[in-house]
Structures are given as structure tokens and as C-alpha cells.
Amino acid sequence: MAEGDSTPQPAKEAQAGDDPPKGDFPLQKKSPKLCGSNYPLSIAFIVVNEFCERFSYYGMRAVLTLYFLSFFHWDENLSTAVYHAFSALCYFTPVIGAIMADSWLGKYKTIIYLSIVYVVGHLIKSVGAIPSLGNQAVHVVLSMVGLFLIALGTGGIKPCVSAFGGDQFEEEHTSERSKFFSIFYLSINAGSLISTFVTPVLRGDVKCFGEDCYALAFGVPAALMVLALVVFIAGSGLYRKTPPQGNVLLEVCKCIAFAIKNRLKNRSREIPKRDHWLDWASEKYSKQLIGEVKMVTRVLFLFIPLPMFWALFDQQGSRWTLQATKMNADFGIYVLQPDQMQFLNPLLILVFIPIFDLGLYPLINMCKLNFTPIRKMATGMILAGLAFGLAAVIEVKINETDMPRLVPKESLIRVLNLAKNPVQVTIQDKDLFQQPVESFQNPAEYSKLILNGEQQSLHFALQHQGLTLAFNYTVKEKSVYSLIVFEAEGSLSSHLITDLEAKPENGLAAVRFINGLSQDVNLTINSKKFIAVQKNYSASEYSLLERDIYNNGKCITDTGEFPLELGLLDFGASYTIVITNISGGAVETWKSEDIKANNVHMAWQLPQYLLISAGEVMFSITGLAFSYSQSPASMKSVLQAGWLLTVAVGNTFVLIVAEAAPMAQWAEFVLFTVLLFAVCIIFSIMGYFYVSVDPEDLEEKEEKRETSSRGNMIGLVTQKTKL
């Protein structure tokens, strides 16, 4: 579910005394009804528009991290940082959209214009994902421009669409309006659920330009956004379009700024103190506005710790997706793409909301437990922290199959004995390989070589059937090697070849071939992969393949064409396959697993998704409902802006950690867990001292207090402000 998308709100109604609307706005009219009900026909266009737009946004964002990692070949930290920079921008721009709609264009025109910007951004992003179009610099520029326009479009229309839907209802149809927001919310989650499952399939299961089809994965969301715009325009003649009525957020900001400025100007001891620092705005702004701003600032103060929750929550699309690429995704009947796991969140949200509202919360009330909104939000934080604790544990288990991290003056080496008899390998001044290596023995773990510099020439001695042969090879630091020992023309020989230093990315399998035949071979792995390997134990380069069973290959030699069976090439594994002989019309091979396959199943991510989704229900929905209950109706848009900004700040914090303080991934998960628990304690303390109020009662008290204190003000000239 979208952060900040959970509780759409109707627009502010025009108040008596408002300035006359500017521009040419049609008179309000009654829209045709749906099937004789009180639901305007126009809301059908708005709901379909929202479904398509949310499909467009979440579908594009689902594959974004892997796009940076695989298409641009950025490292994980940079990919994460740019992903969260984009997410943060998407939640800063709603402020721009709200100001445009309320102060200038009105909601309808704002949605139209920014949707066009949105579509252009999608199209540029899709074109930038075509590999044959220019070099990487061109791809990066097009993608970044596209993402900026998408962020401006999706953020700009976010505060307008739900409010515009609320505008379609007449004042007496409040129950229908409330049900509309439930349908609107359902369309958001339906779009998110379907798109986060479908677009990873378009990326991974469809191939174009010889690789993952990111152009299609971005192109389909672009088409959905075009459809969203067309549907919205199609309903133009049915909409009730309200004129701009002034932006409350701007008024609040001006009021706060004036209060601070006025207080700094009047620091003289001769001027009596005022009960509240916002009272210093009374020379310019009305008592009503000042009183409402006081109520809002009390709630906004509680928002200060909230960004840390979103810092963890939004890593589902970055760090958790990257974690899934290092896991086993085979569920038997279906192989999930790593970025498909994100669909669990909207699915679980739709399941959890009725369970919590109809089951858990009533049960807690029956037990006479005072489960206040503040406590619900704190519990949501704890659940999110526990989710990241589980992610840290899983990351530690995943790292058990990783290659060791090498430091300067270190290398790794192993021996592959392809000779017919055991071989004793000795490296000068190195205490390695104490036992002879048997013929075609599955290699043990890599052994660590300590060098005396960035590179070193090492003397290798091979003892075989009473003979000793010597070879010299230069070994570089932070590299991984295999010493291939073989028999050629009746004598023992060797090659030192370079191995992979890390697991293949994105769950791919890496495979290379050593040709033990006396003739060159051409290998066909599948219909698209062809490899040529020279004779006499020459080694090919590594090829990256999707995880699959490869038993339909071909080996073509001077003497004919023979079937080639490789078996299963598993997630994240690296293989060396030696062609040893051709016998009985078939190729005989020996397969060695250089790097172990991913052995932690992706299903182990399910508990962390369960926890963070349950945490979102308790935190996000409860938080918005609570904050709205603590503020006057005219200030709900200000709280919506404040809530969205907490999401933006949380994403900003993640990109700072990813770039400024890179660390082992499990340690980063632990860091976020500890930080959220600490913030939860602070938030709980703040909530303990917070006194819930009824905004209407507070307004009455504020008016009485203003009346009693009016005589204490010197030189006070009030000016009623039109809201």
C-alpha cells in the first residue's frame, strides 16, 4: 500500500468571505448518477484513472532497483541511494501540486497538466531503457530526466485526485462520499498489487535485445498512464469543477513565519509576554487561524520521529529486493522474480485491515486494554524493527555461501586435477595443499594466499608418479584462481586461470568450459548462447545464464555434432564444466561448483513482510486517522502535507546512510532496527505527555483565552485574514 495513499480526504469547502474565484470556471452542476444511485457517474472515471496511475507508478518502481543494478551496472549502494532519492522526490512534490491546484489552476487542470508531464516522463524512461539507443551516458541522462518528470507528475497529482473525487458529491451525500473513498483506496491497492506482480514478469521472463526487457517493463506502465489520462479526460463533461480557493498550507507557513519574525523584533522586556509563541502573529492574522495553527503544530510535533518508520518501510523496494536476488526463488510450481516479492505488501494490507478492524482491535477492547492510537503506532514501529531484525538474520545466513571478502595482499586459490592420477601441489613458502589432490576430486574450499605486494611471482611444484615439475605464475592481490593440472602429450602440465570473485548478480548462474579434447569445440547451450573453446584444456570465459536445467545443448567438433547435457545451473552458483571425452555418440563432462548456489529460500522473507505489513496497518492508517481527529477540518490538508513529508525525509535518510556510511548489509539492517527502536521510545515518551483534544472544544477555549488576555497587549492592531 502507498505511504500517504491510505486516507484520501475531500477538498476544503469555500468559506464565506472568500475572494471571488479567478479565471473561467463553470457553474456547479449535478452529475448523472450511476444506476439510479446517489453516486455521480463521474467517479467511475476517477476510480479507473487512479487504478491505472497507481499501476503505472508501482509497476515502474518495482523494477527500478534491479534496473540500476543490472542495466547501469551500478553497485548496490548507489542503486539504493538513487532509488530512495526518487522516492523522496515523489513525496516532496505533492506540496507543489497542492499549491498549484488551490492557488492557481484548480484541481482539474492541475491533474491534466501534471498527468501530461507524468506521461512524458514515462515515455522518456522507457526509451532510455532501450540498450541499442546510445551509450550508457545517454541511458542515464534519459532515465534521470524521466524519473524527475515522473516524480513531479505522481507527486503533483497525489493531493488532487482524491479531493477532486470528493468534490463530485453533493453535501447531503456524505455516506456515499465516505464509501467512495473506500473504493478509491481499494483501487490504489489493486493497482499496486497487480503491477508489482506483473511488471517483474515482463522484465525477467520476457527477453528483448538479448537481455532482460526493461523497455517493456517500463513501457507497459507508461501505456497504463496514457490510459489513465485518456480516461480522466473522457469524463471531463461530467465533472463538478471547483475554482481555486487559496492554499491553507501557504497561509499556515506565512502565519508561523510572521509569528517568529514578530517575536524576534519585540524582544524588549517592556513588552508583555504572550501565552504562546504563535500569539505573536495576532497583529496580522485572525484568532481563528492562529488557534487552528496551534492545534496543527501540536500534531506536527508528534510527526518528528515518524520518518524513521518510512526509512525502514520503503526499503522493501531496494535492500529487501537486493536480498531476494541472493536467495533461492524456486517455489516448485513457480519461480518468483526477486522484485516480485514486493506484491506481498499490498496483498497483506488488504488481508490485515479487516482482520485488525473486525478481530484484533475488538478483542483487545474486550480485554479492557487501553490500546490508544499512540500505542498502536508505537507497536507498528516495533513490528517494523523486528522485521529488519529478521532481515539481518537472513542476511547472515545468505552470506555463508558468499565468497570471502579479500583485503590487499590476499588472494584465493584451489586445484582442479584433471590428470589420471593424484597430484601433490606445493607452493614455495606457502603451507597449502598438505594432501595430494585426487583425479577429478571435487575441489575443497578455496585456500588463502598471502602475498608480499600487489602481485607476486610464485613457484609451483607438481609431484606426479615420482616426477616433479615446476611452474611459475604471477598472482595478483584480491583475485581468485584455479590451478588446472592436466596431462598433455604424455607429460604433466598446468594452467592458472582466473575465477569469479563474487556471486553472479540477480540470481543468475555462471558457467565456463574447459575443453579436454584434442580438437576445438563449438558449444550451443540454448538457442541463443554459443561458446567456442580451443583444444588442449583451454578455458572459456564465464557466461551468465538464467537458472534452469540445460539438457538440450550441442557440442560441435570436426568429427560431428553431439548432444550436451549440463543439468541444473542453480541460482547464484558458478560452475566449471570440463569436456573430458566423446564416447558412444555423447559428450562426457565433469561439473565443478566453484561458488555455492543460493541455499536460503525466498520464502524466509515472508515473516519480515508479515511483520512490516502489520506494522504499516497499525502505524500508517492509525496515525493519519489520529492526526486528523486532532485538528480542525480546514487544516487536514496541512497534516496531509506533513505526513507526506515524513515519508520524503525517511527516504532521504536511507540514501544518506547508503552513500555516506556503507557497511555490511546485515550490519545496516541491525543499525536501522536499533534506530527505530530508539525512535519508538522517544515517540512513546512524547505520546505519553500528549493530551488528546477535541478540536471544537479547543477552539472555544482559545476564543475565551483570547478575550481575557486582550487587555494585556500593547499597541495591538488586529486584521482579519480571509482564509
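The questions below go from the whole chain to its cysteines, open spaces and sheets.

Visitor: What kind of model is this, and how many helices and strands does the chain have?
Guide: The model is a predicted one. Along the principal axes, the C-alpha atoms of the chain fill a box of roughly 110 × 60 × 55 Å. The secondary structure of the chain comes to 18 helices and 20 strands.

Visitor: What share of the residues of the chain counts as buried?
Guide: A residue is called buried when its relative accessible area is under 20%.

Visitor: Which cysteines form a disulfide?
Guide: A disulfide requires two cysteine sulfur atoms within 2.5 Å of each other. A search of the whole structure finds one such link. Its sulfur atoms lie 2.0 Å apart, and the cysteines concerned are C208 and C213.

Visitor: What is the handedness of the link of C208 and C213?
Guide: The angle about the S-S bond is 110 degrees. With that angle, the link of C208 and C213 is right-handed.

Visitor: Are C208 and C213 buried or exposed?
Guide: The limit for a buried residue is a relative accessible area under 20%. C208 has 16% and therefore falls under this limit. C213 has 5%, so this residue too is buried.

Visitor: Is C680 buried or exposed?
Guide: The relative accessible area of C680 is 6%. Buried means under 20%, so C680 is buried.

Visitor: Which residues are closest to the centre of the second largest pocket?
Guide: The second largest pocket holds about 1,200 Å³ of space. Its lining is made of 47 residues, and those closest to its centre are K207, D212, L508, L544 and E546.

Visitor: Which elements each supply at least two residues of the lining of the second largest pocket?
Guide: By class, this lining has 22 nonpolar, 13 polar and 12 charged residues. Helices and strands both contribute to the lining of the pocket. The elements that each supply at least two residues are α2 (64–71), α6 (136–167), α7 (174–204), β2 (211–212), β14 (543–545) and β15 (548–550).

Visitor: How many residues in the lining of the second largest cavity are nonpolar?
Guide: The structure has two cavities of 30 Å³ or more, and the second largest cavity has about 40 Å³ of space. Its lining consists of V299, L302, F303, L306, M377, G623, F626, S627 and F683. Two or more of the lining residues come from each of α10 (287–303) and α15 (606–629). Divided by class, the lining has no charged residues, two polar and, as the number asked for, seven nonpolar.

Visitor: Which residue in β5 is the bridge partner of L412?
Guide: Strands of a sheet pair through backbone hydrogen bonds, either parallel or antiparallel. Strand β3 (residues 410–417) and β5 take the antiparallel sense, over four bridges. In β5, the partner of L412 is K448.

Visitor: How far apart are the C-alpha atoms of D594 and T580?
Guide: D594 lies in strand β20 (residues 586–595), and is buried with a relative accessible area of 8%. Along the chain, D594 and T580 are 14 residues apart. The separation of their C-alpha atoms is 18 Å.

Note on methods. Residues numbered from 1 in each chain as written. Predicted model: local features only at pLDDT ≥ 70, side-chain atom pairs only at ≥ 80, totals over all residues. Heavy atoms only, no water. Buried < 20%, exposed > 50% of the residue type's maximum accessible area, 1.4 Å probe, protein only. 1 Å grid on protein atoms, 1.4 Å probe; cavity = no way out; pocket = protein on both sides within 12 Å on 5 of 7 lines; lining within 4 Å. Points joined across faces, edges and corners; volume = space filled by probe spheres on them. Nonpolar A, V, L, I, M, F, W, Y, C, P; charged D, E, K, R; others polar. Pairing = 2+ DSSP bridges.
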